[in-house]
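Please look over the sequence and the structure before reading on.

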Amino acid sequence: GNKNPVYTTEINGNVDLAEMQQILELDSVKTATGKVDIHFEASGKQSGNKSLTPADFRKFKTSGKARMQNVSVAFVNSTAAADSLNGELEFDGNNVNIKEVSGNAAGSDFVINGTLRNLLGYLFTNKEVLNVEADFVSRKLDLNTLLASDEKSGADTNYVFALPANVRMKLNTTVKEIQFRRFTASSFTGVFELRNRQLHLNDLN
């Protein structure tokens with residue numbers, strides 16, 4: 001028999017995410033609801049004779065677009081969740097370009113433009129790292145609800161994103177109003193970097 005099967009898939013239509021999650025059973029997604037108008041193609045090859053590896057997923061080729069309509073998503077091992085997601089995703093290889101995606105998370109609104117790198121490997125395996133680079137614009141950003149204190153360190157100034165450890169993020173941020181503990185700022189710009197669940201702020205203005 002063929003020890004190296006080739007996988008191809010094509011999805012066209014208006015997809016219900018709750019039904020899709022029941023079929024795909026994505027490891028990193030706890031719940032997903034809403035509709036996505038999607039035109040998507042993917043193809044890839046299995047290198048070994050047992051199962052698809054993270055390296056296989058990195059080599060998958062994807063193309064197409066997906067337009068989100070009032071999508072909500074929550075992740076496993078994480079308090080992070082987003083709702084009222086609308087906007088377009090453009091698939092390119094193993095990456096996804098984010099185009100004018102708006103939504104809410106923990107009481108904060110946002111509009112994002114950017115790129116998700118290695119999305120397939122992240123979604124379908126437990127070990128792959130998702131890299132996010134994006135421009136982030138918000139009218140109101142409440143870090144008190146988005147961030148959780150690191151109880152193990154005992155340092156009350158050490159805040160971390162309650163996100164999976166295998167997410168790296170760099171957000172060029174523009175916020176009209178930002179709240180963090182008793183601190184409130186207007187017309188805030190800066191770069192948020194997330195590495196190993198630790199948040200770093202750079203180039204603050």
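Which residue forms a salt bridge with K99? The partner is E90, and the closest N and O atoms of this pair lie 3.1 Å apart; a salt bridge here is a side-chain nitrogen of Lys or Arg within 4 Å of a carboxyl oxygen of Asp or Glu. K99 counts as partly exposed because its relative accessible area is 36%, where buried means under 20%, exposed means over 50% and partly exposed lies in between, as computed with a 1.4 Å probe on protein chains only. This is a predicted model, in which local features need pLDDT of at least 70 and side-chain atom pairs count only at pLDDT 80 or more, while totals for chains, interfaces and linings use all residues. Residues are numbered from 1 along each chain as its sequence is written, and side-chain values use heavy atoms, with hydrogens and water left out.

The structure holds 5 salt bridges, and one of them joins E88 to R67, with the closest N and O atoms 3.4 Å apart. That pair links distant parts of the chain, since E88 belongs to strand β4 (residues 81–92) and R67 to strand β3 (residues 61–75), 21 residues apart; strands are DSSP runs of E with at least two residues, numbered from the N terminus. E88 counts as buried because its relative accessibility is 15%, whereas R67, with a relative accessible area of 42%, is partly exposed. K65 joins R67 and E88 in a network of salt bridges. Another salt bridge connects R195 with E193, the closest N and O atoms being 3.1 Å apart; R195 is partly exposed at 36% relative accessibility, and E193 is partly exposed at 21%.

I38 is found in strand β2 (residues 29–45) and counts as buried because its relative accessibility is 11%. Leaving aside residues up to four places away in sequence, I38 touches I11, N12, G13, V15, K65, A66 and F91, where contact means heavy atoms within 4.5 Å.

Turning to the rings, a search of the whole structure finds 3 aromatic pairs, a pair being rings of Phe, Tyr or Trp (its six-membered ring) with centres within 6.5 Å, called stacked if the planes are under 30 degrees apart, edge-to-face if over 60 and tilted otherwise. Among them, F110 and F136 are stacked, at 6.0 Å centre to centre and 25° between the planes. This pair links distant parts of the chain, F110 in strand β6 (residues 108–117) and F136 in strand β7 (residues 130–142), 26 residues apart.

Terms used: Helix = DSSP H or I, 4+ residues; strand = E, 2+ residues; numbered from the N terminus.
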